[in-house]
Amino acid sequence: MELLLENALVLLDTWPYRFERRNILIDGQFISKVSKNKLKAQEKLDCTNKVILPAFINSHTHSPMSILRGCGEDSSLNTWLKLHIWPLEKKLTDEDIYWGTLLSIIQMFENGIATFNEHYFNINSIVKAIKKANIRSVIGYSMIDLGDFDSKGAKELEIASKIAYELKQDKSFLLAPSINPHAPNTCSKELLRQSAILAKKLNCVLHTHLAETAAEFKFTKEKYGLSPTELLFKTGCLSEKSVLAHSIYVTKKDIKLIKKSKSSIAHCPIANLKLASGSIAPIKEFFENNINLCLGTDGPASNNSLNLLESAKIAILLQKNLYKDASILSADHALYMLTEGGAKALGINSGSIKEGKLADLVFFDLNSPELVPFSNSAAWIIYSASSASITDLLINGKFVLKDKKLLTINKQEVIKKLSLLREKLLLKN
Ligand SMILES: [Zn+2]
């Protein structure tokens, strides 16, 4: 089935980014033509009043955590995890995970996100929600052994491996497996080493947290005499298929190692600010070193939104403030992280509007007051637009959001169910 999006204002893959009127022909799950000329198709949609961009890619999140939103507010990362989140996570049921993921997917749809990079547990319930909603995901089981490979790590690796092999068989085109050791300070050296071997064997993404806090840096330095980045490098966890969330506490030497390995960094500025991780990731230096950058919201309990456009704006504003120079990075860098950077990091054939790319597209209302007057630059979207102007989202050639209405999920049902489950969760001993 062909669908023609006629006369839309389309983001071109130029640098700096520009918008021009184009007709986009979609054939099945792919974009088959992008042209200034008139095109024919069985089904047509007049997009004269739409701005169309590649749909956004959330490169680091823990989507079921929307059920934990609001727990342990205003505490530091360590307190937040140990006193509030980890005890509640032990009580989560399959239902909690399923409905929590669906609530997050609703928010991702309304924020123009077509793909998310997931790092959690109880993967089967998350996959069930993904298939129901028709969203794209790179997904892996979150492994933690707290330094004990023999009695914990080996088992964790077995679970992760089984899930990854199963996901590899999935033919929906929406799912890709990843291997997810939790972090350099929560995984043994052997678990990191084995994770790298497994990811290589499966030829898939290795997704981990890296250098999120000063405490993590101190921990690996004291235990191994290595920075968290050096530890990942030594254990083989840095490669062009690695996605490193945070990467705040990095030395000049670490930046060289990340560059050499061609790993990608998923910058999560809002969660870092909210949990007071203490510093700001040096993304200006990452860009200067040609390290691929993408953006993550992190989990909905530590952000608390799943608004990636907000993260993109804040990412750039923080660097301007840090270097006291408004020209240090531009809105183009933010738009790159939202789209092409995420696609490159996750190895997904999306992120730009070109023939042969997956039809993952987000539509903004050109008549939205915040988009008036038109200005032909990335800044127009990054600084002026908000998710309130998003009207439609197309994933894998299918609308999941049309005229602001969700097509694959019953929003009221999810809200009601999640609220009840949350009440139950807090009452559990
Ligand atoms: Zn995280």
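How much area is buried between domain 1 and domain 2, and what share do carbon and sulfur atoms give? I get about 2400 Å², with 66% from carbon and sulfur atoms. Buried area here is the accessible area (1.4 Å probe) that two parts lose on being put together, summed over both.

**Ground rules.** I am working on a predicted model, where local features need pLDDT of at least 70, side-chain atom pairs count only at pLDDT 80 or more, and totals for chains, interfaces and linings use all residues. Residues are numbered from 1 along each chain as its sequence is written, and side-chain values use heavy atoms, with hydrogens and water left out.

**Domains.** I noted the bounds: domain 1 covers 2-54 + 357-406, and domain 2 covers 56-346. These come from an automatic or database domain assignment. Their centres, taken over C-alpha atoms, are 28 Å apart. I find 27 residues from domain 1 and 33 residues from domain 2 in the contact, meaning heavy atoms within 4.5 Å. Tyr17, Ile382 and Tyr383 supply 27% of the area that domain 1 buries against domain 2, more than any other three residues.

I looked for salt bridges (a side-chain nitrogen of Lys or Arg within 4 Å of a carboxyl oxygen of Asp or Glu). The count between the two domains is one. Arginine 136 forms a salt bridge with aspartate 360, with the closest N and O atoms 2.8 Å apart. Which element gives the most to the side of domain 1 that touches domain 2? It is H14, with five residues. I take helices (H or I, at least four residues) and strands (E, at least two) as DSSP runs, numbered from the N terminus.

**Sheet.** I traced an open sheet of eight strands in the order E6-E7-E8-E9-E10-E11-E12-E13, with parallel pairing. Pairing needs at least two DSSP bridges between two strands. Strand E6 (56-61) and strand E13 (292-295) stand at the edges with a single partner strand each, so one side of each has no neighbour in the sheet. Within the sheet, E9 (residues 175-181) and E10 (residues 205-210) run parallel and are joined by two bridges. Serine 178 stands opposite valine 205 in E10.

I found a cis peptide bond from tryptophan 15 to proline 16, with omega near -5°. Proline 16 sits in the loop between strand E1 (2-12) and strand E2 (18-27). Another cis peptide bond joins valine 372 and proline 373, with omega about 0°. Proline 373 lies in the loop between E14 and H14. Lysine 262 is not a glycine, yet has a positive phi of about 65°. I place lysine 262 in the loop between helix H8 (252-261) and strand E12 (264-267).
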